[in-house]
Amino acid sequence: MRIGIDARFLGPEGTGIGRYVENLIKNLEIVDEENQYFIFLRSSNYHLYQPKAPNFEKVKADAKWYSLKEQLILPAVLNREKLDLVHFPHFNIPLLYRGKFVVTIHDLTKSLFGDRASSTRSLPIFLAKQNAYKITINQAMARSKKILVPSEFVKKELVKSFDLTNEKIRVTYEGAEEFYDPKFVVSEGKTRELFNKYSLSEPYIIFVGNTFPYKNVDVILEALTKLPTELKFVCVSPRNRFLEKLIASAGHLGIKNRLTTPGYLSDSDLKVLFKKAVAFVFPSLSEGFGLPGLEAMGVGCPVISSDKTSLPEVYGEAALYFKPDSSKELVGKIEQIMKD
């Protein structure tokens with residue numbers, strides 16, 4: 001078969017979906033010598049992927065995701081390769097493409113938390129994007145041959161929300177193999193180097209991810225006001241309006257000096273910060289999978305997680321859970337980790 005993979009998200013700019021696509025391609029190169037793969041990339045990430053197997057070939061499809069160009073140009077680029085099947089790793093399928101495809105739906109956060117507070121756009125643009133999302137995801141659900149999801153929770157949500165059959169949806173759990181290192185040890189020199197680099201000191205709790213409202217990171221700030229003053233909070237998140245709001249909230253609560261926001265980190269630096277942390281705290285109200293918690297566990301960092309949506313399914317008995325609307329309950333879990 002001639003199989004296309006939409007890899008325009010590949011790389012750090014594509015955040016979690018970028019990592020998903022990168023690992024998918026890397027492992028397909030190992031396990032599949034039979035089919036021919038065409039990896040579609042943008043100009044900005046074209047250099048990030050170098051095929052390692054003879055049956056993998058990269059193709060330029062220079063269209064930004066969620067753009068008009070994506071809808072108008074991508075179908076022609078795909079048709080040119082005469083593909084038997086395409087994998088779109090996100091709901092943003094090109095509506096004019098009429099070939100066979102499978103799609104990955106990571107979560108339904110946009111459906112559940114698509115309110116005005118979750119957007120930085122002006123009202124007209126926000127409403128236009130919401131309408132485009134509804135049209136596109138409905139088409140993706142209806143026209144795809146199979147739908148891949150990262151958890152049973154997302155599968156149940158899709159069946160309920162889109163009147164789909166169980167047979168059309170496949171659960172494919174994600175992994176954190178690049179972080180799995182149970183013997184991982186950090187030298188004093190490396191610790192000192194990174195702590196100086198990011199102006200850190202122990203003890204601290206850590207969060208990794210976007211700071212959109214549904215991520216509920218403010219509850220960590222509330223908990224911090226009730227915890228010992230020497231405990232700090234490292235928030236590893238890309239710079240945007242929501243992170244700026246979080247920093248402002250910390251200022252209002254009088255704990256700005258206890259908050260560190262180092263921005264994007266390499267995997268090697270993040271592993272060290274996980275290893276030295278008191279705990280990774282994940283207070284999210286909605287997750288399709290929750291990969292950062294597995295990455296933290298991979299190097300031995302305790303995980304304190306929200307008890308909502310897919311997280312108990314994914315973390316099982318390997319995390320401490322709390323109700324994400326209760327800073328008091330979170331305080332108790334952090335104190336438990338610090339003492340035990």
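**Salt bridges and their surroundings**

Analyst: Glu157 and Lys160 are three residues apart in helix H5 (residues 152–162), and so are separated by about one helical turn. Helices here are DSSP runs of H or I with at least four residues, strands are runs of E with at least two, and both are numbered from the N terminus. This is a predicted model, in which local features need pLDDT of at least 70 and side-chain atom pairs count only at pLDDT 80 or more, while totals for chains, interfaces and linings use all residues. Residues are numbered from 1 along each chain as its sequence is written, and side-chain values use heavy atoms, with hydrogens and water left out.

Glu157 and Lys160 form a salt bridge, their closest N and O atoms being 3.3 Å apart. The term covers a side-chain nitrogen of Lys or Arg within 4 Å of a carboxyl oxygen of Asp or Glu. Glu157 is buried, at a relative accessible area of 14%, whereas Lys160 is exposed at 61%. Buried stands for under 20% relative accessible area, exposed for over 50%, and partly exposed for values in between (1.4 Å probe, protein chains only).

The structure holds 14 salt bridges. One of them joins the side chains of Arg19 and Glu295, at 3.6 Å from N to O. Arg19 belongs to helix H1 (residues 15–31) and Glu295 to helix H10 (residues 291–298), so this pair ties together parts that are 276 residues apart in sequence. Arg19 is partly exposed, with a relative accessible area of 21%; Glu295 is buried, with 5%.

Lys197 and Asp269 also form a salt bridge, and their closest N and O atoms are 3.2 Å apart. Because Lys197 lies in helix H6 (residues 188–198) and Asp269 in helix H9 (residues 267–276), the pair ties together parts that are 72 residues apart in sequence. Lys197 counts as exposed at 53% relative accessibility, and Asp269 as buried at 5%.

As for covalent links between cysteines, the count of disulfides (pairs of cysteine sulfur atoms within 2.5 Å) is zero. The sulfur of Cys235 is 14 Å from the closest cysteine sulfur, in Cys301, which is too far for a bond. Cys301 is accordingly in no disulfide. Both cysteines are buried: Cys235 has a relative accessible area of 0%, and Cys301 has 3%.
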